[in-house]
Amino acid sequence: MCGQNRRVESVTYIAWIVSFVIVTVAVTGFAGRFGVSAPLALVAIGAAVSFIPAVPTIEIEPDLVLYGVLPPLLFAAAIRTSFIDIKARGDSILLLSVGLVAFTFVFVGFTTWLVLPSIGLAAALAFGAVVAPTDAVAVTAIAGRLRLPRRLVTILEGESLLNDAVALVALSTSITAIVGVVDAGSVTLELLLAVGVGCAVGLGIGFVIAEIRKRLSSAVLDTSLSLVTPYLAFIPAQLLHGSGVLAVVLAGLFLGYRSPSIQSAEARIAESLNWRTIRFLLENAVFLLIGLSLYGIVQDAIADSPGFWPSIGIGGAVLAAVFLSRVIWIALTTVLYRVGPSWLRERQWRWRNSVAVMVSGIRGVVTLIAVFLLPEETPYRGFLQLLAFVVIAGSLLAGLWLPWVIRKLRLPAPNIDQEQMQRRLLMAEAHSAGLQRLEDEVTDDVEELVTRRLRINATFLTEGSDAEEPGPRLADYTRLRHAMIEAEREAVRVARSEGRYEEYAVRAVLAAIDAEELALKATAPRSAPEVLPGPVPSRITEDGQDEGEDPDARADEVRRAAAVRRSSSA
């Protein structure tokens, strides 16, 4: 009987997971079609469902979300973020990810203490740390949808990646103050330990994974290793009292930067698609989970709230403090850039950009995780959880106005012509390097048709070639084109290291080269280049059917590969 109960319980868990995926996909799809914010729709639907009597109360296990959900979400964002751009905008990102989080921590903390004195200063500051970090997922989605200036996008994404670590360190210090006594020395030591260990573990794991990836020839093995990398960085850093968030972010940035040097084209494309899918499912499932947890949060808040109308006033004051802290800090930062030293004035923000940053402070998954990390002895713990939900929902609602604000600010969109010119110039430089490698690799026994088509970068040799003898030509073409592609990729890597092109151009050209390499692999001869083509080995069944490779499928594969090459060349 016990075994049967366990089986039923397992089936129930699986059914819930499947339901989560179905609801997430359906709501996100409909929200995109009708121009509605998908995170807000998921929170609203989850909140409504949570009050249905037949639905069980959802109790969030903070360690499960902290260790299970947050690392892959951060890693998925980090590997897509440009380390070069982060480095170029490092001063602005640090002012937001460290300075703004510290200011919000203090400003919201003291505001909470003033409107609810009985909570105590330590618990109030802990709540300030809970609501301080912005959500990397929401910020990236906004940046991609609104086509903001690239410098602004880099700043927002860099802020949302790094501020989680600062906020969680501040929260840890505040929790220590709630349950015990702290002093300035211990706080400083804890901060240095968190940053130092987080950086060391993140970069160390990134280096080790990069060295392993260099030796992997299978895209499946490479992707499998990629899936566990965020946990390999996060868990040791946490166990060593460091910042697991910082470790994951640094590992992701390092591996994303090294990707062209350590992975095959097939592995890069597979990793990108897998992490996009994982990120989509996890980030939207978390917003649905936020809504589903509302009923339980309300029940806990009722037990220790200061009353209905006082709660309304406190919630409004805290939400206003969260928004106001961001406005004040960014305004002060903008003034500092305008009146500060010359090296700052050269990098000053325009006021329109500053306003865009002010209204982009959406909260999400880290705030949800952080508020459930508060210990049981925290005064008004249930009420603070409700306040955190109010901040998340309020920031998502405010995000509805963001497209309108951006349009009114008339921020310059990325220059399409300039971006295309950068891509063309870099592609031409890469193609020149490939031609130089061709001259070094070509031998006298290679047919002129092969070298001619390689020089003009024409369509695949399989198109228009004689069907009677494609093998030797295709083998020579494949060998030489592979050498050219490697030279082209190396030229792009050198150009990036010298800083001669923007990162978006580098990534676009590398993606085109990867697509061409995959297409080339699809049309490559199955036998070694030295062996002349012959009949394809197959096994004939008793009824006369060939169990070998389907020739129609092979022909379709070649046609698809040729189409990919034509589109990438265009």
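Let me start with a definition: rings of Phe, Tyr and Trp (its six-membered ring) pair if their centres lie within 6.5 Å, with planes under 30 degrees apart counted as stacked, over 60 as edge-to-face and the rest as tilted. By that rule, ring pairs link Phe 103, Phe 107 and Trp 329 into a cluster.

Some ground rules. This is a predicted model, in which local features need pLDDT of at least 70 and side-chain atom pairs count only at pLDDT 80 or more, while totals for chains, interfaces and linings use all residues. Residues are numbered from 1 along each chain as its sequence is written, and side-chain values use heavy atoms, with hydrogens and water left out.

Back to the rings. The whole structure holds nine aromatic pairs. One of them joins Phe 110 and Trp 113, edge-to-face, at 5.9 Å centre to centre and 70° between the planes. Both residues lie in helix α6, three residues apart, about one turn of the helix. Helices here are DSSP runs (H or I, at least four residues), numbered from the N terminus. In general, an α-helix has 3.6 residues a turn, so residues three or four places apart point the same way.

Phe 110 counts as partly exposed, at 36%. Trp 113 is partly exposed too, at 33%.

Both belong to a nonpolar surface patch. Its members are Val 106, Phe 110, Trp 113, Leu 114, Val 115 and Leu 121, with about 490 Å² of accessible area together. Areas come from the Shrake-Rupley method with a 1.4 Å probe; for residues, only the protein chains shown count as cover. Patch residues have over 30% relative accessible area and no salt bridge; like charges are joined within 9 Å, and nonpolar side chains (Val, Leu, Ile, Met, Phe, Trp, Tyr) within 5 Å. Helix α6, residues 90-115, gives the most to this patch, with five residues.

Now the opposite case. Helix α18, residues 365-372, has eight of its eight residues buried, so it is largely enclosed by the rest of the structure. Among them are Val 365, Leu 368 and Phe 372.

Next, charges. Side chains of opposite charge can pair when their charged atoms come close. A salt bridge is a side-chain nitrogen of Lys or Arg within 4 Å of a carboxyl oxygen of Asp or Glu. There are 21 salt bridges in the whole structure. In one, Glu 429 meets Arg 500, with the closest N and O atoms 2.7 Å apart. Glu 429 lies in helix α21 (416-441) and Arg 500 in the loop between α23 (470-497) and α24 (503-523), so the pair ties together parts that are 71 residues apart in sequence. Glu 429 is partly exposed, at 25%. Arg 500 is partly exposed, at 40%.

Arg 481 bridges Glu 488 at 3.1 Å between the closest N and O atoms. Both Arg 481 and Glu 488 are buried. There is a network as well: salt bridges link Arg 268, Glu 486, Arg 489, Glu 490, Arg 493, Asp 514 and Glu 517.

Last stop: Ser 82. Where does it sit? Ser 82 is in the loop between α4 (70-79) and α5 (83-88). Ser 82 is buried, at 7% relative accessible area. Counting contact as heavy atoms within 4.5 Å, Ser 82 touches Glu 503 and Arg 507, leaving out residues up to four places away in sequence.

Note on methods. Helices (H or I, at least four residues) and strands (E, at least two) are DSSP runs, numbered from the N terminus. Buried means under 20% relative accessible area, exposed over 50%, partly exposed in between (1.4 Å probe, protein chains only).
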